[in-house]
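The report below is meant for someone meeting this structure for the first time. It moves from the conventions to the two chains, and then to single residues.

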Amino acid sequence: MANTTDERKDVASRESNEVSKQEPETVLRPPVDIFEDAHGITLVADLPGVGKDRLNLQVDKDALIIEGDARIEMPDGMEAIYADVRSTRYRRSFTLSGELSTEEINANLKDGVLTVNIPKRAEVRPRKIDVHVE
Amino acid sequence: MFVNLTNPGNSLFEGFRRAQDEMDEMFGRWPWPAGIRSVARGTYPPINVGSTPEQVDVYLFAAGVDPKSFDISLQQNLLTVAGERRASLANDANVYRKERFDGGFRRVINLPEDVDPDRVTARYTDGVLQIHIQRREAARPRQIEIK
């Protein structure tokens, strides 16, 4: 296994001159579903590994910020064989618009799924506009 | 596995990540073969596999799955995990984004040869399915004496 890795490294350095980048800690962008109905907007986000104590949901002026820290229990000295997920930090934010009622936001976290409900202000719920024809 | 990546020199993960990135660059390029059971990046659910001399752990990042719907089986060293996740949307809704996986999934993972199919446990917490498989004793390295 060590030999194969070295071979791969050799071929890579022959083909590219790029110096290996120093990257800051990766933050994962959780996938979301967002939909709107007459009452408001619902956002559903996948935050596997995040419990209520490690979730930070904030409204900052008109921005909705979702932050979570996943906790995965692992035995000491565990070595990674394969990893699709390489960070435990989730973060994503959205700008809300004025007709949404940030005071009435409610959220629910279950099995790593965050559901955020943002109702529209009562006075802006859709009214049908009658069209007069002369 | 999730060591702070701002310390690249010390992180066991950084070396692994670099090797993985190089592997990704070469994916599909002749003559490097891909594992016959490997799947495209971004296949749901994401998985991590880690090992110690005593056990192998598989983590599936599958939030919102009904734990009863998981079908986990281990044959020799081939682990198969299947399950289903329904993303429920209101019927009369305008959908702006639909990024979350919706449907059934099945992942097949090739584990080290010495895993013991009789000693497997699984737990589902906060959307992560953790599967622990003990390794057989005989596989531990033995010191060879030089006479």
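## Conventions

Two residues are said to be in contact, or to touch, if their C-beta atoms, placed from the backbone, lie within 7 Å. The model is predicted, and for that reason local features need pLDDT of at least 70 and side-chain atom pairs count only at pLDDT 80 or more, while totals for chains, interfaces and linings use all residues. Residues are numbered from 1 along each chain as its sequence is written, and chains are lettered from A and ligands numbered from 1 in the order in which they are written.

## The two chains

Chain A holds one helix and eight strands, where helices (H or I, at least four residues) and strands (E, at least two) are DSSP runs numbered from the N terminus. Starting at the N terminus, the order of elements in chain A is α-β-β-β-β-β-β-β-β. Chain A has 134 residues, of which 22% are buried; a residue counts as buried if 20 or more other C-beta atoms lie within 10 Å of its own, as exposed if 12 or fewer do, and as partly exposed in between, with C-beta atoms placed from the backbone. Among the contacts in chain A with a separation of 6 or more, 54% involve residues 24 or more positions apart.

Chain B likewise contains one helix and eight strands, and its pattern along the sequence reads α-β-β-β-β-β-β-β-β. Of its 147 residues, 24% count as buried, and 48% of the contacts in chain B between residues at least 6 apart in sequence join residues at least 24 apart.

## The nonpolar core

In soluble globular proteins, nonpolar side chains tend to be buried together. A nonpolar core is here a set of buried Ala, Val, Leu, Ile, Met, Phe, Trp, Tyr and Cys residues joined through C-beta atoms within 7 Å. The largest such core has 39 residues, and A:Leu114, B:Val58 and B:Leu60 touch the most other members. At least two residues of this core come from each of several strands, including S2 (40–46), S4 (63–69) and S8 (113–119) of chain A and S1 (47–51) and S4 (78–85) of chain B. The largest share, five residues, is supplied by S2(B). Leaving aside neighbours within four places in sequence, B:Leu60 touches B:Pro45, B:Ile47, B:Val81, B:Val128 and B:Leu129.

## A sheet with strands from both chains

Five strands form an open sheet in the order S5(A)-S1(B)-S2(B)-S8(B)-S7(B), with antiparallel pairing; two strands pair if DSSP finds at least two bridges between them. Strand S5 (79–83) of chain A and strand S7 (115–125) of chain B each have a single partner strand and stand at the edges, so one side of each is left without a neighbour in the sheet. S7(B) and S8(B) pair in the antiparallel sense over seven bridges, and B:Tyr124 has B:Leu129 in S8(B) as its bridge partner.

## Residues in strands

A:Val59 belongs to strand S3 (residues 55–60) of chain A and counts as partly exposed because 15 other C-beta atoms lie within 10 Å. Not counting residues up to four places away in sequence, A:Val59 touches A:Leu64, A:Thr102 and A:Ile105. Its C-alpha atom is separated by 47 Å from that of A:Glu134, 75 residues apart along the chain.

B:Asn110 is placed in strand S6 (residues 103–110) of chain B and is partly exposed, with 16 other C-beta atoms within 10 Å. Apart from neighbours within four places in sequence, B:Asn110 is in contact with B:Gly35, B:Arg37, B:Asn77 and B:Leu78.

## Backbone features in loops

Most residues other than glycine have a negative phi, and most peptide bonds are trans. A:Lys61, in the loop between S3 and S4 of chain A, has a positive phi of about 55° although it is not a glycine, and it counts as exposed, with 7 C-beta neighbours inside 10 Å. B:Asp126 lies in the loop between S7 and S8 of chain B and has a positive phi near 50°, but this residue is buried, with 22 other C-beta atoms within 10 Å.

The peptide bond from B:Tyr44 to B:Pro45 is cis, with omega near -10°. B:Pro45 is located in the loop between helix H1 (12–26) and S1 of chain B.
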